[in-house]
Amino acid sequence: MFCVAPPESEAKMNITKGGLVLFSANSNSSCMELSKKIAEDVNTTIMELLIMVYACKTSCAKSIIGVVPYFPYSKQCKMRKRGSIVSKLLASMMCKAGLTHLITMDLHQKEIQGFFNIPVDNLRASPFLLQYIQEEIPDYRNAVIVAKSPASAKRAQSFAERLRLGIAVIHGEAQDAESDLVDGRHSPPMVRSAAAIHPSLEIPMLIPKEKPPITVVGDVGGRIAIIVDDIIDDVDSFLAAAETLKERGAYKIFVMATHGLLSSDAPRLIEESAIDEVVVTNTIPHEIQKLQCPKIKTVDISMTLSEAIRRIHNGESMSYLFRNIGLDD
C-alpha cells in the first residue's frame with residue numbers, strides 16, 4: 001500500500017490491477033496535478049498521513065510505503081540552543097503509525113535517514129534541474145554555479161562538476177550600522193560566578209563567532225550566476241546574494257531549488273528583485289505563487305516518484321534511480 005503525502009484534505013481510494021492499493025486525499029488543484037501524474041493520488045497534511053497509515057496498519061496491510069516528496073520540518077534536524085529536533089519526532093511518529101518504507105526527495109540533511117528505523121529512499125531532483133539548465137538557458141556554458149553560503153557549497157560543487165562549470169561561494173553577511181549587542185537579544189549579560197567553578201578548574205571560553213563582510217570567492221563578472229540550494233522559503237538570503245552578484249558583474253541570475261515553499265511575500269519580493277528566474281520542482285504546489293510572480297518556473301519530477309513506486313511494488317532494485325550519485329552528493 002502507498003500513502004502519497006505533502007499538504008491537505010478529504011480521502012479517496014483507487015484500487016489498481018496487480019494488488020496495488022493507492023490511498024490519496026483531495027486538496028487544491030495544484031496538489032492534485034502532481035499526484036495525478038504519479039498515479040491518480042493527491043497530497044495531504046501530515047496528520048492525515050499518520051491517520052491513513054495507522055488505518056492501514058490496523059487493517060493488517062502487509063506493507064505501507066509513504067511518498068513524501070518534501071519532508072516537513074527537515075531544517076529542524078539538529079539541536080540548536082537546547083531546542084527540539086522536530087524531524088526526529090516526525091520520523092518517530094511515522095514509524096509508530098505503521099509506515100514500513102519512505103520515499104522522499106532531497107532531504108535537507110542526508111543524516112535524517114538515520115532518524116527512521118525503516119528503509120528511506122532519498123531521491124534526487126538534480127537530474128531534472130541540470131536538464132533544465134542545459135535546455136532552457138541557451139548560453140549556460142558562460143555560467144558559474146553559486147553557493148549562497150559555505151553550507152551549500154557541496155551541492156554547488158556537484159552541479160558544477162556535472163555541467164563542467166566554475167563555482168563561486170558567497171561568504172559573510174551584510175554589516176549592520178548598529179551592533180546586535182544593544183538590541184536586548186543577548187540579555188541578560190553573562191556573569192561569571194566565582195562559586196560556579198573551582199579556581200583550579202578554569203575552563204576556557206569559546207571565542208564568539210563573527211561573520212566578515214560579504215565576499216564572493218570566485219569570478220562572476222560578465223557571467224550568468226546560477227544559485228543552487230535545496231529549499232527556497234524565506235527569500236531574504238537569496239535576494240541579498242543576487243544583489244551581491246549583480247554588484248560583482250553577473251548579468252543574469254537564476255535560482256535553482258528542489259522545494260519551493262515560497263511563503264509569505266516571497267513571490268512579490270522575487271518579482272521586484274535582481275533575480276531573473278526561480279526554478280523549483282513540483283514537490284510542493286505553488287500555482288498561486290506563480291500567478292503572483294512570472295519569474296517562477298516549475299520542473300516536473302513525478303516521473304522519478306512513479307518509477308520508485310513501481311520498482312518497490314514489483315520488488316525491483318532501486319539502484320537505477322541512484323546511478324552516478326556519489327557519497328558526497
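Secondary-structure elements were taken as DSSP runs numbered from the N terminus, with helices (H or I) of at least four residues and strands (E) of at least two. The structure is a predicted model, in which local features need pLDDT of at least 70 and side-chain atom pairs count only at pLDDT 80 or more, whereas totals for chains, interfaces and linings use all residues. Residues are numbered from 1 along each chain as its sequence is written, and side-chain values use heavy atoms, with hydrogens and water left out.

Lys75 is placed in the loop that runs between strand 4 (65–68) and helix 3 (86–97). With a relative accessible area of 44%, Lys75 is partly exposed; the classes are buried (under 20%), exposed (over 50%) and partly exposed (in between), for a 1.4 Å probe and protein chains only. Lys75 belongs to a positive surface patch together with Lys78, Arg80, Lys209 and Lys211. Patches are made of residues with over 30% relative accessible area and no salt bridge, like charges being joined within 9 Å and nonpolar side chains (Val, Leu, Ile, Met, Phe, Trp, Tyr) within 5 Å. Accessible areas come from the Shrake-Rupley method with a 1.4 Å probe, and for residues only the protein chains shown count as cover. Lys and Arg count as positive and Asp and Glu as negative, while His and the chain ends are not counted. Each charge is placed at NZ of Lys, CZ of Arg, CG of Asp or CD of Glu.

Positive phi values occur at Cys60, near 65 degrees, and at Asp106, near 45 degrees; neither residue is glycine. Cys60 lies in the loop between helix 2 (46–58) and strand 4 and is exposed, at a relative accessible area of 69%. Asp106 is found in the loop between strand 5 (101–105) and strand 6 (120–123), and this residue is buried, with 7% relative accessibility.

Ser273 is located in the loop between helix 7 (266–271) and strand 12 (277–281). Ser273 is buried at 17% relative accessibility, and its side chain reaches the backbone nitrogen of Ile275 at 3.2 Å. Tyr132, in helix 4 (residues 126–136), is likewise buried, with a relative accessible area of 14%. The C-alpha atom of Tyr132 is separated by 8.7 Å from that of Val279, although the two residues are 147 residues apart along the chain.

Side chains of opposite charge can pair when their charged atoms come close. The structure holds 8 salt bridges, each defined as a side-chain nitrogen of Lys or Arg within 4 Å of a carboxyl oxygen of Asp or Glu. One of them links Glu247 and Arg248, whose closest N and O atoms are 3.8 Å apart. Glu247 is exposed at 61% relative accessibility, whereas Arg248 is partly exposed at 35%.

Glu316 takes part in salt bridges with Arg310, at 3.0 Å from N to O, and with Arg311, at 3.9 Å from N to O. Arg311, by contrast, is buried, with a relative accessible area of 13%. Through salt bridges that share partners, Glu307, Arg310, Arg311 and Glu316 are joined into one network.

Note on methods: A polar contact is a pair of N or O atoms within 3.5 Å; within protein, one must be able to donate a hydrogen and the other to accept it, and residues adjacent in sequence count only if both atoms are side-chain atoms.
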